[in-house]
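The following paragraphs lead the reader through a protein structure, one region after another. Please keep the sequence and the model in view while reading.

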Amino acid sequence: MVTQCGLLTNKKGPVALKSISVSLSIREFVAGVSATLNYENEQKVPLEAFFVFPMDEDSAVYSFEALVDGKQIVAELQDRIKARENYETAISQGHQAFLLEEDMSSRDVFSCNVGNLQPGSKAALTLKYVQELSLEADGALRFVLPAVLNPRYQLSGSSQDSCLNKGPVVPLEDLPYTLSMVATINSQHSIEKVQSNCAFSPLQYLGDDKTSAQISLADGHKYDRDVELLIYYIKVHTPSVAVEMGMPDLGPDNLLGQPSAMVSFYPEITEDQPSTTCGEFIFLMDRSGSMETPMSGQGIAQQRIEAAKETLILLLKSLPIGCYFNIYGFGSTYEAFFEQSVKYSQQTMTEALERVRLMRADLGGTEILAPLQNIYRVPSISGHPLQLFVFTDGEVNDTYSVIKEVGMNKHKHRCFSFGIGEGASTSLIKGIAQASRGTAEFITGRERMQSKALRTLKNSLQPAVEDLSVSWDLPAGLSAKVLSPEQTIIFKGQRLIIYAQLSGVMPAAETTGHVCLKYAFHGKHCEDKVTFSLQPKTDANLTIHRLAAKAFIQSMDLGFMETPASYRKEVLNTSLETGVISSFTAFIAINKELNQPVQGPLSQMDIPRPVLLPRLRGGATHSRFLRLMCLPKKKVVAQCATMTYQPDGFSMPKSTSPGLAKATRGNAVIQLISLQNANGSWDPNEDLAKALDMSLEDMMAAQPSELVDSLGWATILAVIWLHTNAKDLKCEWNLLERKAVTWIRRSTGPVMPAIVKAAISFLKSPVDPAIFAI
């Protein structure tokens with residue numbers, strides 16, 4: 001069995017990990033998770049097993065315990081180095097020991113060691129964590145249980161201490177352990193519906209008011225995707241404050257000793273016409289070999305690189321006249337379309353589109369740091385703030401170095417990041433966005449990359465909520481210390497969450513406090529104020545305290561190697577006193593009652609994990625593909641040149657599936673949009689007529705030539721076609737349609753209503769002329 005760099009294993013025989021069972025409890029917009037790893041040693045000798053698994057980087061892991069042959073052993077959180085030494089000592093002395101720690105290179109990967117598991121013994125290892133649920137554009141709250149951990153590219157000369165370099169991977173069909181999950185949802189607001197990308201039992205309401213419900217993952221999950229739930233409440237966008245009782249016995253100096261508050265705000269942001277001239281937009285696109293993988297393992301799916309190319313076309317067409325732009329592709333090397341950002345015009349847009357169409361996932365591994373450093377070295381363009389859009393499947397192992405680089409340059413840009421496909425690194429994608437006051441998006445399953453990218457571009461062109469400040473109005477003797485990292489900007493549809501520790505004497509019953517969010521929007525000063533009860537509620541899991549601790553730790557913890565010395569002690573102390581794991585701590589449990597000397601060396605077993613593999617042809621093998629992840633840069637590029645993949649694109653089978661229908665319609669939209677000029681107009685030609693499904697002769701014969709020229713007529717027809725045939729994809733073409741309507745108004749003047757009426761009649765369209773704001 002080859003274990004280095006996650007190569008495929010063909011070793012047969014029993015695997016110690018038998019199943020993973022998850023209990024999920026969602027209350028409002030916070031999730032509590034209890035995950036149990038069930039082991040059994042079927043060998044005839046003592047066993048040491050090693051398992052690597054993914055976690056969301058925002059997870060606050062606060063508990064780890066083992067149940068071995070009926071005996072419970074509660075783990076202790078210790079200094080990481082000390083925990084490792086204690087683990088090795090315990091194993092050498094014949095004790096059973098269990099170790100849980102974060103990866104050295106990334107906060108979204110954990111490893112678990114099971115040491116000295118005796119023949120025939122069973123062990124159930126349970127870890128518990130809490131996390132906030134992200135808010136989607138449509139108001140859904142999103143929970144993701146990571147199930148896919150793809151091999152990550154190994155940089156030349158990088159640390160070999162990462163657990164990502166260890167353990168075999170196997171094709172999905174050969175995975176030897178199962179996954180089960182039961183989810184309970186509670187909310188003061190009624191639960192409207194729950195959706196998932198996986199097969200689940202029907203939603204079962206636990207009361208007539210629909211404030212509590214339960215749902216279970218169907219048997220047979222294949223680990224081909226992360227398990228995702230979208231929870232829709234009847235009402236979710238309301239400011240709120242929750243106060244949680246601490247553990248007074250720990251004293252006021254301990255973060256867990258005092259009550260903690262969790263405040264959520266939803267600033268009202270109206271939508272304006274986007275800026276028409278300002279901005280430098282750089283699109284950094286992953287072109288590593290892994291981008292040949294399908295967007296989803298669910299039936300027929302578009303390749304990641306093809307979805308990326310479509311997305312770039314939409315972005316290029318949606319840019320405002322007068323801005324500057326450039327496109328970088330990166331893998332083991334990187335290349336830019338232009339030596340430096342160029343002004344957006346018909347010529348530069350056309351040149352960029354031709355290069356986008358020729359793009360392939362042919363640049364080897366995933367080295368994102370070098371192109372970022374090159375982008376930051378280029379002088380800024382006066383009057384055009386830099387907006388950086390990063391698209392990657394996140395399969396890198398130098399996460400902390402990348403986040404640090406982005407953070408060092410936060411004063412000169414904002415970074416909007418997109419995690420593509422199952423298994424994208426939440427640590428990388430969220431980390432670079434948070435470090436630069438941007439936003440992070442994840443595209444999985446049958447979600448369209450195009451929709452999320454264009455919505456983000458739209459936000460980047462809108463005025464944002466800025467100059468945020470929070471003030472507290474509390475009774476005398478009581479004060480609030482904010483634990484969350486400072487947030488200076490919010491975009492439309494975002495939620496602001498603040499954690500604070502309340503210090504002093506808690507007042508008598510029925511006393512209230514006030515918290516006020518002040519901010520600037522569009523030059524106006526606004527404020528949101530919330531009144532809340534100062535009577536803390538008890539929670540055995542100290543959920544708010546754990547989340548507050550996680551937020552505080554994340555603001556300083558840049559990994560074991562990258563965290564500045566001035567922060568290390570505070571991160572370590574906060575982690576130890578709150579029980580929330582960090583880069584500098586690890587959980588260790590030792591069963592000292594087992595004193596049987598180990599006879600000979602322990603049998604070593606690395607638990608295999610699943611991997612999503614690209615479809616290869618031409619004699620290429622998956623083992624060879626994965627081996628490239630470990631080669632130095634030059635060798636990767638050379639090797640990739642000899643590998644070939646399945647042809648780009650997929651033939652669409654005949655089906656009435658809504659997902660396939662939407663994909664087909666999306667292709668038609670791309671065909672039409674690719675013909676649009678930089679100024680927003682469409683040329684009247686055979687290609688446009690074909691996209692509109694008509695002949696050029698019929699199209700031009702219907703033109704009211706006394707009112708409009710052929711260019712204006714073609715543009716109005718294209719806009720009406722979009723509204724008629726692709727309304728559900730409006731978020732993808734909204735910006736370029738605005739550009740087109742602006743051009744039409746300038747070109748046609750007061751006769752526009754008559755032209756629009758003629759066009760609607762010709763197309764037999766039901767659209768309202770008001771779409772042109774007549």
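**Strands, helices and cysteines**

Val-465 has Ile-490 in S29 as its bridge partner. These two residues belong to a pairing in which strand S27 (residues 465-473) and strand S29 (residues 489-490) run antiparallel, joined by two bridges. Strands here are DSSP runs of E with at least two residues, helices are runs of H or I with at least four, and both are numbered from the N terminus. Two strands count as paired if DSSP finds at least two bridges between them. S27 is also joined to strand S31 (residues 512-521), by six bridges and again in antiparallel fashion. Within that pairing, Lys-518 in S31 is the bridge partner of Ser-469.

The model is predicted: local features need a pLDDT of at least 70, side-chain atom pairs count only at pLDDT 80 or more, and totals for chains, interfaces and linings use all residues. Residues are numbered from 1 along each chain as its sequence is written, and side-chain values use heavy atoms, leaving out hydrogens and water.

Elsewhere, eight strands make up an open sheet of mixed pairing, in the order S5-S4-S9-S2-S1-S13-S16-S15. Strand S5 (71-74) and strand S15 (204-205) each have a single partner strand, so they stand at the edges and one side of each is left without a neighbour in the sheet. The partner of S15 is strand S16 (residues 212-216), which runs antiparallel to S15 and is joined to it by two bridges. In this pairing, Tyr-205 stands opposite Ala-213 in S16. Helix H8 (residues 543-554) packs on the sheet and touches strand S2 (30-40), strand S4 (60-68) and strand S9 (122-132); contact means heavy atoms within 4.5 Å. The direction of H8 makes about 75° with that of S9, where axes are lines fitted to C-alpha atoms, for helices over the stretch in contact, and angles run from 0 to 180 degrees between N-to-C directions.

Two further helices deserve attention. Of the 13 residues in helix H7, twelve are buried, among them Met-449, Leu-454 and Leu-461. Buried means under 20% relative accessible area, exposed means over 50%, and partly exposed lies in between (1.4 Å probe, protein chains only). Helix H16 (residues 730-748) bends by about 35° at Leu-736, the bend being the angle between axes fitted to the seven residues ending there and the seven starting there. Just after H16, Gly-749 has a positive phi of about 65°.

Finally, the cysteines may be considered. Cys-323 counts as buried because its relative accessibility is 0%, whereas Cys-526 is partly exposed at 27%. The count of disulfides, pairs of cysteine sulfur atoms within 2.5 Å, is zero.
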